[in-house]
Amino acid sequence: MALLKLHKEAQRLEREAAGDRWQEWDLVWCTPDGNPIDAGDDWDDWKQLLQLAEIDKDARVHGARHMAATLLLEQGVDIRVIQAVLGHSQLTTTKRYTHITETLAIEAAGRTGRALWDD
């Protein structure tokens with residue numbers, strides 16, 4: 001609630017700054033002049049980020065969330081921390097976002113081997 005209250009105050013300031021240009025749609029998230037956010041804006045921003053990062057692959061935003069979750073898991077980050085980073089309310093959702101990679105499988109096999117054969 002505290003963050004929403006801060007956002008509401010920031011939006012009030014945007015409304016004042018926009019003056020007569022403000023369009024009241026009664027939205028929580030909107031452009032600085034009160035209009036609905038165009039769904040294509042996020043896509044355009046994402047494409048620009050890919051271009052700046054010199055990534056030629058036509059990667060989807062949603063796929064990047066899966067990749068981020070899996071990379072965090074490979075780094076040994078606790079699944080509950082990954083859940084918080086992704087903003088999931090249910091751990092089961094986060095588990096669907098993480099994928100077992102070859103790196104994780106090799107590490108698991110190595111740990112098992114060390115547990116069985118190392119002193």
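This note sets out points on a predicted model, taken region by region.

1. **Helix H1.** Helix H1 covers residues 2–18. With 17 residues at 1.5 Å a residue, H1 should span 24 Å, and the distance between its end C-alpha atoms, 24 Å, agrees with this. Just after H1 comes Gly19, which takes a positive phi of about 60°.

2. **Leu4 and the nonpolar patch.** Leu4 is placed in helix H1. Its relative accessible area is 46%, so Leu4 is partly exposed. Leu4 also belongs to a nonpolar surface patch, together with Met1, Val28, Trp29 and Ile37. The accessible area of these residues together is about 570 Å².

3. **Salt bridges as a set.** The structure holds seven salt bridges. Side chains of opposite charge can pair when their charged atoms come close. A network of salt bridges links Glu9, Arg12 and Glu16.

4. **Glu107 and its partners.** The side chain of Glu107 meets that of Arg111 in a salt bridge, at 2.9 Å from N to O. Both residues lie in helix H6 (residues 102–117), and because they are four residues apart there, about one helical turn separates them. A salt bridge also joins the side chains of Glu107 and Arg114, at 3.5 Å from N to O. As to accessibility, Glu107 is partly exposed, with a relative accessible area of 37%. Arg111 counts as exposed at 55%, whereas Arg114 is partly exposed at 43%.

5. **Arg80 and Asp78.** The side chains of Arg80 and Asp78 form a salt bridge with an N to O distance of 3.0 Å. Arg80 has a relative accessibility of 55% and therefore counts as exposed. Asp78, at 31%, counts as partly exposed.

6. **Thr94.** Is Thr94 buried or exposed? Its relative accessibility is 0%, so Thr94 counts as buried, the cut-off being under 20%. Thr94 lies in helix H5 (residues 91–97). The side chain of Thr94 makes a polar contact of 2.8 Å with the side chain of His88. When neighbours within four places in sequence are left aside, the residues in contact with Thr94 are Ile79, Ile82, Gln83 and His88.

7. Pro32 is found in the loop between H1 and helix H2 (39–52). At 56% relative accessibility, Pro32 counts as exposed. Apart from neighbours within four places in sequence, Pro32 is in contact with Glu14, Ala18 and Trp22. How far apart are Pro32 and Glu107 in space? They are 75 residues apart in sequence, and their C-alpha atoms are separated by 48 Å.

8. **Asp44 in helix H2.** Asp44 is located in helix H2. Its relative accessibility is 48%, so Asp44 counts as partly exposed; exposed would require over 50%. Along the chain, Asp44 and Gly87 are 43 residues apart, and 23 Å separates their C-alpha atoms.

9. Most residues other than glycine have a negative phi. Against that background, two residues may be inspected. Asp26 is not a glycine, yet its phi is positive, at about 60°. Asp26 is placed in the loop between H1 and H2, and its relative accessibility of 69% means that it counts as exposed. Glu54 likewise has a positive phi, near 60°, in a residue other than glycine. Glu54 is found in the loop between H2 and helix H3 (61–74). At 69% relative accessibility, Glu54 counts as exposed.

Notes
Residues are numbered from 1 along each chain as its sequence is written. This is a predicted model: local features need pLDDT of at least 70, side-chain atom pairs count only at pLDDT 80 or more; totals for chains, interfaces and linings use all residues. Side-chain values use heavy atoms; hydrogens and water are left out. Helices (H or I, at least four residues) and strands (E, at least two) are DSSP runs, numbered from the N terminus. Buried means under 20% relative accessible area, exposed over 50%, partly exposed in between (1.4 Å probe, protein chains only). A polar contact is a pair of N or O atoms within 3.5 Å; within protein, one must be able to donate a hydrogen and the other to accept it, and residues adjacent in sequence count only if both atoms are side-chain atoms. Contact means heavy atoms within 4.5 Å. Patches are made of residues with over 30% relative accessible area and no salt bridge: like charges are joined within 9 Å, nonpolar side chains (Val, Leu, Ile, Met, Phe, Trp, Tyr) within 5 Å. Accessible areas come from the Shrake-Rupley method with a 1.4 Å probe; for residues, only the protein chains shown count as cover. A salt bridge is a side-chain nitrogen of Lys or Arg within 4 Å of a carboxyl oxygen of Asp or Glu. The expected span of a helix is 1.5 Å times one less than its number of residues.
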